[in-house]
Amino acid sequence: MRQKAFLAAFAVVFSLLVGVQSYFFLVPDAGIHLRADRIGASLLNPFTETEKAGEEIADLSVYLTMETEGDASANASLIINDTIAGNFSKGILCVKAKEGDILKIRSSDHIVVTVTDYPENLNEASLPASVTGKRGVTAWGTIVFK
């Protein structure tokens, strides 16, 4: 009798273990989803995120490093598409700009800002290498690639 009870208990426990293991085998992300639900996180598909990042990278963009004359601190701001992108309080500014972005300088006094290491693939007729900012807002140019 004891042997039958032991075998029955063993069979029940073994069946439960096989059932749990088969569930995690058939649903491989179940553990990750349970863990995410427990901590209140959401899961992202890495392939979808990579695809989105690729679409953002597909747009032509450039990093510009600009500095004031003599790297002097200045009370001036760079405006990209009517949004302030940064200021020249330390005499230097580095920004990322996309094709079609319109750059302007807002200054309280006269200031000369120059793009250091001007990128070869930019059209210098659309965006000069340097600009002299006057009081108020001075249009600099538009990012256009060759």
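**Aromatic pairs, core and surface of the predicted model**

A search of the whole structure finds two aromatic pairs, where rings of Phe, Tyr and Trp (its six-membered ring) pair if their centres lie within 6.5 Å, and planes under 30 degrees apart count as stacked, over 60 as edge-to-face and the rest as tilted. F6 and F10 make a stacked pair, with 6.4 Å centre to centre and 25° between the planes. F10 and F14 are likewise stacked, at 6.2 Å centre to centre and 15° between the planes. F6 and F10 are four residues apart in helix α1, and are therefore separated by about one helical turn; F10 and F14, four residues apart in helix α1, are also separated by about one helical turn. Together, F6, F10 and F14 form one aromatic cluster. Helices (H or I, at least four residues) and strands (E, at least two) are DSSP runs, numbered from the N terminus. F6 counts as exposed because its relative accessibility is 55%, given that buried means under 20% relative accessible area, exposed over 50% and partly exposed in between (1.4 Å probe, protein chains only).

Residues are numbered from 1 along each chain as its sequence is written, and side-chain values use heavy atoms, with hydrogens and water left out.

Helix α1 (residues 2-26) also has a part in the surface, as it gives five residues, the largest share, to a nonpolar patch. The patch is made by V20, Y23, F24, F25, L26, V27 and L34 and covers about 720 Å². Patches are made of residues with over 30% relative accessible area and no salt bridge, with like charges joined within 9 Å and nonpolar side chains (Val, Leu, Ile, Met, Phe, Trp, Tyr) within 5 Å; accessible areas come from the Shrake-Rupley method with a 1.4 Å probe, and for residues only the protein chains shown count as cover. V27 sits in the loop between α1 and α2 (30-39), and counts as partly exposed because its relative accessibility is 34%. A9, found in helix α1, is partly exposed at 42% relative accessibility. A9 and G133 lie 86 Å apart in space, C-alpha to C-alpha, and 124 residues apart in sequence.

Strand β2 runs antiparallel to β3 (residues 83-87), joined by four bridges; two strands pair if DSSP finds at least two bridges between them. I79 has I84 in β3 as its bridge partner. The two strands form a hairpin with two residues between them, and N81 in the turn has a positive phi of about 50°.

Finally, a search of the whole structure finds one salt bridge, defined as a side-chain nitrogen of Lys or Arg within 4 Å of a carboxyl oxygen of Asp or Glu. The side chains of K104 and D82 meet in this salt bridge at 3.3 Å, N to O. K104 lies in strand β5 and D82 in the loop between β2 and β3, so the pair ties together parts that are 22 residues apart in sequence. K104 is partly exposed at 24% relative accessibility, whereas D82 is exposed, with a relative accessible area of 66%.

Technical notes. Predicted model: local features only at pLDDT ≥ 70, side-chain atom pairs only at ≥ 80, totals over all residues.
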